[in-house]
Amino acid sequence: SPGNPGMQNKLVRLNKYLADAGICSRREADKLIEAGTVKINGKVVTQLGTKVGPGDKVQNGGETLKREKLQYVLLNKPKDFITTSDDPYDRKTVMALVEKACSERIYPVGRLDRNTLGLLLFTNDGELAKKLTHPKHNVKKIYHVFLDKPLTKMDLIKLSGGVELEDGMIQPDKISYVENANDKKQIGLELHSGKNRIVRRMFEHLGYKVVKLDRVFFAGLTKKDLPRGKWRLLTQKEVNLLQRIS
């Protein structure tokens, strides 16, 4: 009731409820509601902005949904693990590394190749995951790249200006030699593209092989105090920062 502020706080918009249940983003939820596939307590609801309380039964296409506690887990991925929920070939998957993080079912946001190391975020917040992987949000990623041979100054300039790959032009936001490294085989690269194997392909295009690739920064998150192979839960402050990405 309106007179009970405690109860009001527990009400949540239906599109948020659907997003929190992990089935889609809020915007897609609005489309489902308008299409009449969503029921509250057995009745079809098409009114956007409808609020749902803790005791309400929400169904989409006949399936009863559960609004889970939203979890955000950051992993420092080791080599030789693949980013997938299950693998038919029974190779080591990143899911095995975070299985004790929470009881909710969480999913990786984007992917890292089997031989790429570094930051990988997992969550059951479908809306946030979608935002972090959509190119329009320009989510910043920084990689520490180790090459098989020193990168020439000429090629550094070429990469900095952008290279034409088979699926279009790619230009890093920033690229430089790693300062404290004594060889020119180590490169720092800032990028917001999420294209498949993009870092490796950029260097291969100019005749270099990436021998090690480490994602050291993702959407404002860093590897500070997170050893390789370990995970931690995000702080509320970090979650708030991610949710502010527009």
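Two strands pair if DSSP finds at least two bridges between them. Strands (E, at least two residues) and helices (H or I, at least four residues) are DSSP runs, numbered from the N terminus. The model is predicted, so local features need pLDDT of at least 70, side-chain atom pairs count only at pLDDT 80 or more, and totals for chains, interfaces and linings use all residues. Residues are numbered from 1 along each chain as its sequence is written, and side-chain values use heavy atoms, with hydrogens and water left out.

Strand 2 (residues 38-40) and strand 5 (residues 58-60) run antiparallel and are joined by 3 bridges. I40 has V58 of strand 5 as its bridge partner. These strands belong to an open sheet of 4 strands, in the order 3-2-5-6, with antiparallel pairing. Strand 3 (43-44) and strand 6 (63-64) stand at the edges. Each has a single partner strand, so one side of each is left without a neighbour in the sheet.

N60 lies in strand 5. The residue is buried (under 20% relative accessible area; exposed is over 50%, partly exposed in between; 1.4 Å probe, protein chains only), at 16% relative accessibility. Its side chain makes a polar contact of 2.7 Å with the side chain of T37. A polar contact is a pair of N or O atoms within 3.5 Å; within protein, one must be able to donate a hydrogen and the other to accept it, and residues adjacent in sequence count only if both atoms are side-chain atoms. Residues up to four places away in sequence aside, N60 touches I23, L32, T37, V38 and L65. Contact here means heavy atoms within 4.5 Å.

N15 is placed in helix 2 (residues 14-20). N15 is also buried, with a relative accessible area of 7%. A polar contact of 3.2 Å links its side chain to that of D30. Beyond neighbours within four places in sequence, N15 contacts R26, A29, D30 and I33.

C24 is buried at 10% relative accessibility. C102 is buried at 14%. The count of disulfides (cysteine sulfur atoms within 2.5 Å) is 0.

Two lysines were found over aromatic rings. The criterion is NZ of Lys or CZ of Arg within 6 Å of the ring centre and within 35 degrees of the ring normal. K140 lies over the face of F217, 5.1 Å from the ring centre. The charged end of K184 sits over the ring of Y177, at 5.3 Å from its centre.
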